[in-house]
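Dear colleague,

I am passing a structure on to you with this email, and below it you will find some notes on what turned up in it. Please keep the structure open beside the text while you read.

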Amino acid sequence: MALIGLGFGRQHLCLLKRRSSLLLKLTAVVFAVLLFCEFLIYYLVIFRCDWPEVKTPAHDSGQKTLKAMFLADTHLLGEVRGHWLDKLRREWQMERAFQTALWLLQPEVVFILGDIFDEGKWSSFQAWADDVERFQKIFRHPRHVQLKVVAGNHDIGFHYQMSTYKIKRFEKVFNPERLFSWKGMNFVLVNSVALEGDGCHICSEAEAELIEISHKLNCSREERGPGRCGRAPLLPASAPVLLQHFPLFRRSDANCSGEDAAPLEERAIPFKERYDVLSREASQQLLWWLRPRLILSGHTHSACEVLHGAGVPEISVPSFSWRNRNNPSFIMSSMTPTEYALAKCYLPYENTVLATYCVAAGLLVVLILVHSGLLPSPLLFGWNLLRKFKTM
C-alpha cells in the first residue's frame, strides 16, 4: 500500500509539474505577444522615421529649423457611438503612437488638423468634459512641446449645426489663436467650417479675422505704406503655412496616389463643395488673402497632394486612427522661414497586429494540444520524419 501511495504521489507530482510547465509557457507566450503588439511594435515602426533635411541657401545658413508634426482626424469616440471596446482599442493605439513619436522624434510643435472628437457637434456638457479629459490623457505632452489644434466639423458641427456656444466651448479648451509665429515662421490656423460665405454672423467674424491677418502679413512683406501698417510690431516676413480641416476645393481624389490614398473605387467620386471640400470662392479667397507657401488639411482621412494657383502645394494628412484606416500616419516637417521639407511616418498597420494575435492564438492551441497528448510534439514529429527519411 505504501508503494502504491508513493507511486500515486509521484504521478500526481509529475502531473502538477507538467501543468505548471504548460501554464508557464502559456503565460510567457501571452506576455510576449502583448508586450510586442501593445508596446514594442510602436517603437520598432516609428524608429524608422526620421526628420527630413531642409535645403537652406548658403547665405541663409544661420536660419533656425523648426521640427513640426502634423496629424489629423483622431475622432475620439463619445458616449453615443462609442462602444467601450472600440474606445479602448483605438484610443490605446493613438496614445501609444503619439507618446512613442514624442519620445523618439522630439518635435517642437504638434498641429492637429481638426475632428479631434467624433461627437463634439452634439455632445452634452458632461460628455464634452469626459471627451476632453480623455484627449488630454492621450495627447499629453511636455511643456516645451507646443500643441496647436484647429476645429473640424465633428468638433463644432457643419455650418448648419455650428453655434457660438460650440465654438467658445472648443476654444476654451484649445487656444483660439489664429496666427502663430515661431522661429521666424508664420502659421495661420483657420476655422474652415465657418467659411461658408453666406454672411452668417460666425462666418462674417471669421472672414474679418482672416482679412486682419492678411493685412498683418502684407505689412510684414513691406507691401503697405507706413500709414496703413502703423507702428504695430511686424510679423516675420516669411510666407505663412495654412492649416485647416477642410481641404481647398478640388473636384475629387482622382489624381491622388500612394498606399494611403483613398481606395481606387472612391477616388473618382466627385467632392461636394462645403461638405467634402471648401467652395471655390472660399478657396480662392484664402489663397488671395494669405498667399501661403504650403497648405495642410485633413477631413478626407486619406492622403493626397495637389497644387493650387501658382503652384502652392496642399497636403491632405491621413487619419491618425485605426478606426478610419488600416495604415494611419502623420507628417513630419523640417521648416525654416524660406524652405521646408516633408516626410511621412507610418504607424503600425492594424492588420499586422491582428495577424500577430491570430498566430499567437494558434500557437497557444498547439501547446495545449501537445500537452494533452492530442497532437504529437512538433520536435518529436520532425525527428521521426527525419529518421524515416534517412532509413529510406
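Histidine 75 counts as buried, because its relative accessibility is 5% and the cut-off for buried is under 20%. Please bear in mind, here and in what follows, that this is a predicted model. Histidine 75 sits in the loop that runs between strand E1 (66-71) and helix H2 (84-105), and although it is not a glycine, its phi is positive, at about 50°. As background, most residues other than glycine have a negative phi.

Histidine 301 also has a positive phi, of about 70°, although it is not a glycine. You will find histidine 301 in the loop between strand E7 (294-297) and strand E8 (304-308), where it is buried, since its relative accessible area is 19% and buried means under 20%.

**A glutamate in helix H2**

Glutamate 95 lies in helix H2 and is buried, with a relative accessible area of 6%. Which side chain does the side chain of glutamate 95 meet in a polar contact? The partner is the side chain of arginine 140, at 2.8 Å. If residues up to four places away in sequence are left aside, glutamate 95 touches Lys137, Ile138 and Arg140.

**A buried glutamine**

Glutamine 244 belongs to the loop between strand E6 (241-243) and helix H8 (264-267), and with a relative accessibility of 0% it counts as buried. Its side chain reaches the backbone oxygen of phenylalanine 246 at 2.7 Å. Leaving out residues up to four places away in sequence, glutamine 244 touches a set of residues that includes Leu113, Val150, Val190, Ser192 and Leu286.

The axes of helix H6 (residues 201-220) and helix H9 (residues 280-290) come within 8 Å and cross at roughly 30°. Is this pair roughly parallel or roughly antiparallel? H6 is roughly parallel to H9, because angles under 35 degrees count as roughly parallel. Sorted by class, the contact of H6 with H9 has seven nonpolar residues, one polar and one charged.

Methods. Residues numbered from 1 in each chain as written. Predicted model: local features only at pLDDT ≥ 70, side-chain atom pairs only at ≥ 80, totals over all residues. Heavy atoms only, no water. Axes fitted to C-alpha atoms, helices over the stretch in contact; angles between N-to-C directions. Helix = DSSP H or I, 4+ residues; strand = E, 2+ residues; numbered from the N terminus. Parallel < 35°, antiparallel > 145°, perpendicular 65-115°, else oblique. Nonpolar A, V, L, I, M, F, W, Y, C, P; charged D, E, K, R; others polar. Buried < 20%, exposed > 50% of the residue type's maximum accessible area, 1.4 Å probe, protein only. Polar contact = N/O pair within 3.5 Å; in protein donor to acceptor, adjacent residues only side chain to side chain. Contact = heavy atoms within 4.5 Å.
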